[in-house]
Amino acid sequence: QDMWRPRIVPILPYIMRLLYQLQAYHDPENWKDLPIIVQTFVKYSNIERFWEAGASNKSKDEFINEHMKAMQTLRDFADSVGHIVRYTREYTLLVISAISSLGDVFFEIDEAPQLLTDSIAICKPGTDLISPGVSTHGWKHIMNVAIRPLLKNCPEESAPKFMSKFLPKLFTTLDILLCQKWAPYMNEDINVEPVVADDEDMTEEILEENLLRQLTTVVVRIMIDCVGQHSTNTQSSKGKLTSRQLKIRAIIFNDINIMAPFFKLLNHLMSFRDSKCSFNAILVMRCCLNEVLIKEDSVDEFFTFEVMKNLLSNVLCQSSFKDSFYEALNVFTVLFLTLCKEYPPARAFLYECSHGYDIDSLYENLKSVDHYRNQRALMIEFIDWIKAANGKNDDDENGHSAAENRRQEKRAATLKKASERLVKKHKEDGDILDDPNTEDAAFGSLFG
């Protein structure tokens with residue numbers, strides 16, 4: 001470390017400046033002073049062309065042939081410039097990742113967190129628009145190549161100083177970015193009347209949505225890297241937290257300036273229309289509740305008016321989140337029981353949004369049952385009431401209420417069958433002296 005420090009510290013601002021310029025290259029506002037023809041060329045150089053199985057409407061050979069035909073043309077030159085810009089950015093990110101592996105050299109530089117966030121997320125003055133022009137694919141590479149290794153390589157002794165400055169801006173940036181990109185897909189009726197489009201437009205739309213799901217997956221992985229995740233398998237060691245995760249959890253949960261953007265991002269990740277990411281985000285939320293509830297009113301207020309509201313209006317009541325339903329129901333039940341007991345505004349909120357359902361009786365009934373299985377049945381009745389009041393009730397046999405009834409019936413049938421088998425096993429069948437299983441029928445011949 002002593003060998004690298006005098007070499008890294010002086011060049012770091014120049015590395016960050018290069019990254020800033022590479023990000024700024026994609027912003028059309030920075031081309032205004034260029035001639036119109038050059039602006040058109042730069043625009044074409046920012047187009048990313050790639051083939052992906054299942055999304056592209058052409059075969060791989062057709063895509064390659066089209067690329068070969070464009071060689072020696074202006075488009076080919078624009079593509080080459082675009083490749084140079086993207087490769088240079090990727091190598092710059094790799095350099096940052098490599099520097100982060102050299103102990104505490106990078107993390108002890110006071111300006112490093114601010115330099116890095118300002119270089120990857122260039123905000124328009126007075127707006128929430130971040131690094132306009134940088135593609136979803138580009139953001140995925142930034143997170144994968146630089147940010148995740150950076151968080152993993154941070155020495156534990158440097159974590160409090162570095163993370164307290166870096167994480168708030170990172171979580172805020174990711175939240176704004178993903179909310180902007182997911183906005184077109186969040187309408188419940190988005191697929192009711194699909195717009196007729198040609199194959200090329202459809203292909204671009206499918207590719208962009210696929211890339212957005214990949215980016216969201218990477219962001220969920222970053223959240224798991226930071227605080228861990230509840231395991232759905234009680235036999236697995238996957239849910240056990242590492243020493244690094246325990247350290248970062250303490251940093252996040254003990255600083256409201258980090259915790260606020262963290263949970264705001266996590267709440268949005270639960271509601272994005274990607275079943276896998278929503279499911280994993282809910283598991284992350286589940287493993288955090290015990291350490292943050294009933295400690296600060298502002299946190300309880302957020303969980304009441306943002307998280308519970310999100311679960312009730314989106315995750316628990318929309319069919320697109322059916323794969324996440326039971327994990328989301330567990331989170332909602334924990335919040336319901338904890339906040340109704342310790343945070344009075346939670347009851348007032350539930351009175352307002354429950355459409356006349358008896359919240360006090362529900363709370364008492366949930367408290368009176370011992371097993372979560374019975375709590376789940378009670379809570380599903382409440383969710384069905386909310387669905388019906390909002391016009392979202394399940395009319396088919398695939399609803400969660402029907403599924404829960406079938407689950408309970410199946411369990412009762414299994415218990416009955418097991419009980420009958422047990423009784424039959426111990427039932428005396430005929431004369432005990434003639435039982436061939438009793439000491440080889442020794443009783444039968446005992447008295448000759």
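**Stop 1: the phenylalanine cluster**

Select F171, F253, F262, F263, F302 and F303. Ring pairs link these residues into a cluster. The model is predicted, so read each stop as a feature of that prediction. Across the structure there are 19 aromatic pairs.

F253 and F262 are buried.

**Stop 2: a stacked pair**

Now select W182 and F272. Their ring centres are 5.5 Å apart. The planes meet at 10°, so this pair is stacked. Colour by element of secondary structure next. W182 belongs to helix α7, residues 159–182. F272 sits in the loop between α10 (256–271) and α11 (275–286). The pair therefore ties together parts 90 residues apart in sequence. Both W182 and F272 are buried.

**Stop 3**

Go to helix α15, residues 344–353, and pick R347. Is R347 buried or exposed? R347 has a relative accessible area of 18%, which is under the 20% limit, so R347 is buried.

Show what surrounds R347. Leaving out residues up to four places away in sequence, R347 touches C340, D360 and Y363. Take them one by one:

- C340: the R347 side chain reaches the backbone oxygen of C340 at 3.1 Å.
- D360: a polar contact of 2.5 Å joins the side chains of R347 and D360.
- Y363: R347 lies over the face of Y363, 4.4 Å from the ring centre.

**Stop 4: salt bridges**

Side chains of opposite charge can pair when their charged atoms come close. The structure has twelve salt bridges.

Start with D104 and R5. The closest N and O atoms of this salt bridge are 3.2 Å apart. D104 is in the loop between α4 (74–100) and α5 (112–120), while R5 is in helix α1, residues 5–24. The two are 99 residues apart, and the pair links distant parts of the chain. D104 counts as buried, at 16% relative accessibility. R5 is partly exposed, at 28%.

Next, select D110 and K161. Here the closest N and O atoms of the salt bridge are 2.6 Å apart. D110 is in the loop between α4 and α5, and K161 is in helix α7. This pair spans 51 residues and links distant parts of the chain. D110 is partly exposed at 45% relative accessibility. K161 is partly exposed too, with a relative accessible area of 30%.

Last, take D225 and R148. Their salt bridge has its closest N and O atoms 2.8 Å apart. Which helices does it join? D225 lies in α8 (residues 199–227) and R148 in α6 (residues 136–153), so the pair ties together parts 77 residues apart in sequence. D225 counts as buried at 13% relative accessibility. R148 counts as buried at 16%.

**Stop 5: the whole chain**

Zoom out and show the cartoon. The protein has 18 helices and zero strands. Of its 448 residues, 41% are buried. Among contacts with a separation of 6 or more, 73% involve residues 24 or more positions apart. The accessible area is about 24700 Å², with 53% belonging to carbon and sulfur atoms.

Note on methods:
Residues are numbered from 1 along each chain as its sequence is written. This is a predicted model: local features need pLDDT of at least 70, side-chain atom pairs count only at pLDDT 80 or more; totals for chains, interfaces and linings use all residues. Side-chain values use heavy atoms; hydrogens and water are left out. Helices (H or I, at least four residues) and strands (E, at least two) are DSSP runs, numbered from the N terminus. Buried means under 20% relative accessible area, exposed over 50%, partly exposed in between (1.4 Å probe, protein chains only). Contact means heavy atoms within 4.5 Å. Accessible areas come from the Shrake-Rupley method with a 1.4 Å probe; for residues, only the protein chains shown count as cover. A polar contact is a pair of N or O atoms within 3.5 Å; within protein, one must be able to donate a hydrogen and the other to accept it, and residues adjacent in sequence count only if both atoms are side-chain atoms. Rings of Phe, Tyr and Trp (its six-membered ring) pair if their centres lie within 6.5 Å; planes under 30 degrees apart count as stacked, over 60 as edge-to-face and the rest as tilted. A charge sits over a ring if NZ of Lys or CZ of Arg is within 6 Å of the ring centre and within 35 degrees of the ring normal. A salt bridge is a side-chain nitrogen of Lys or Arg within 4 Å of a carboxyl oxygen of Asp or Glu.
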